[in-house]
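Me: I have a model to go through with you. Can we take it step by step, starting wherever you like?

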Amino acid sequence: MANFSRDDIRSQLVGPVFPILTPFAKDGEQVDHEALANYVAFLVDNNARTVMTTVGTSRFNLLTAEEIRRVNETVIHASSSKTIIIAAGPMTGSLVENIAFAEHAEAAGAD
């Protein structure tokens, strides 16, 4: 469940928003979830207040729908309750699919 209400986000979304890059394993084909979690934890430990997965910097165009969900989950779980977490869905797809991504991200704890 999300940590912040819409009103909280409107009032507390100030300062930099950190777009999260998706690291890949040495084989170049698999997401390196450990490195991803470590990077997000580093940002949060150094007072990042807002993190965001994005279609562009997160390289969602290279990932399957399930991989996108897992990247979002990794970012969400590596963040803290004091961090606003914005999670993106795929660049393409129907309205129904994008709503499902948003609902999944919210259920996992994104704001």
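Me: Leaving aside neighbours within four places in sequence, which residues is Leu36 in contact with?
Reply: This is a predicted model. Leu36 sits in helix 2. Neighbours within four places in sequence are left aside, and the contacts that remain are Ile20, Leu21, Pro23, Val71, Thr74 and Val75.

Me: Is Leu36 buried or exposed?
Reply: The cut-off for buried is under 20% relative accessible area. Leu36 has a relative accessible area of 0%, so Leu36 is buried.

Me: How many Å separate Leu36 and Val55 in space, C-alpha to C-alpha?
Reply: In sequence, Leu36 and Val55 are 19 residues apart. In space, their C-alpha to C-alpha distance is 16 Å.

Me: In what order do the elements run from the N terminus on?
Reply: The protein has four helices and three strands. Read from the N terminus, the order is α-β-α-β-α-β-α.

Me: What is the radius of gyration of the protein?
Reply: The C-alpha atoms fill a box of roughly 40 × 35 × 20 Å along the principal axes. For 111 residues the globule rule gives 13 Å. The protein comes close to that, so it is as compact as a globular protein of that length, with a radius of gyration of 13 Å.

Me: What share of the contacts with a separation of 6 or more is between residues 24 or more positions apart?
Reply: First, burial: buried residues make up 32% of the 111 residues. Now the contacts with a separation of 6 or more: the share from residues 24 or more positions apart is 71%.

Me: In what order do the three strands form the sheet?
Reply: Strands of a sheet pair through backbone hydrogen bonds, either parallel or antiparallel. Strand 1 and strand 2 run parallel, joined by three bridges. Strand 2 and strand 3 also pair in the parallel sense, over three bridges. The sheet is open, and its order is 1-2-3.

Me: Which strands are the edge strands?
Reply: The open sheet has the order 1-2-3. An edge strand here pairs on one side only, and that describes strand 1 and strand 3.

Me: Which residue in strand 3 stands opposite Val51?
Reply: Phe18 has Val51 as its bridge partner in strand 2. Ile20 has Thr53 as its bridge partner in strand 2. Going on to strand 3, the residue opposite Val51 is Ile85.

Me: What is the hand of the crossover from strand 2 through helix 3 to strand 3?
Reply: Strand 1, helix 2 and strand 2 make a β-α-β unit that is right-handed. The chain then crosses from strand 2 through helix 3 to strand 3, and this β-α-β crossover is right-handed.

Me: At about what angle does helix 3 run to strand 2?
Reply: Helix 3 lies across strand 1, strand 2 and strand 3. Its buried residues pack against these strands, and also against helix 2 and helix 4. The angle of helix 3 to strand 2 is about 170°.

Me: How far apart are the end C-alpha atoms of helix 3?
Reply: Helix 3 has 14 residues, 65-78. At 1.5 Å a residue the helix should span 20 Å. The model agrees: the end C-alpha atoms are apart by 20 Å.

Me: Which residues of helix 3 are buried?
Reply: An α-helix has 3.6 residues a turn, so residues three or four places apart point the same way. In helix 3, the buried residues are Ile68, Val71, Asn72, Thr74, Val75, Ile76 and Ala78.

Me: Is Thr22 buried or exposed?
Reply: Thr22 lies in the loop between strand 1 and helix 2. Not counting residues up to four places away in sequence, Thr22 touches Val31, Thr57, Ser58, Arg59, Phe60 and Val71. Its relative accessibility is 8%, so Thr22 counts as buried.

Me: What is the phi of Asn47?
Reply: Most residues other than glycine have a negative phi. Asn47 is in the loop between helix 2 and strand 2. At 65% relative accessibility, Asn47 counts as exposed. Asn47 is not a glycine, yet its phi is positive, about 75°.

Terms used: Residues are numbered from 1 along each chain as its sequence is written. This is a predicted model: local features need pLDDT of at least 70, side-chain atom pairs count only at pLDDT 80 or more; totals for chains, interfaces and linings use all residues. Side-chain values use heavy atoms; hydrogens and water are left out. Helices (H or I, at least four residues) and strands (E, at least two) are DSSP runs, numbered from the N terminus. The expected span of a helix is 1.5 Å times one less than its number of residues. Buried means under 20% relative accessible area, exposed over 50%, partly exposed in between (1.4 Å probe, protein chains only). Contact means heavy atoms within 4.5 Å. Two strands pair if DSSP finds at least two bridges between them. A crossover is right-handed if, with the strands pointing away from the viewer, the path from the first strand over the helix to the second runs clockwise. Axes are lines fitted to C-alpha atoms, for helices over the stretch in contact, and angles run from 0 to 180 degrees between N-to-C directions. The radius of gyration is taken over C-alpha atoms; the globule rule is 2.2 Å times the number of residues to the power 0.38.
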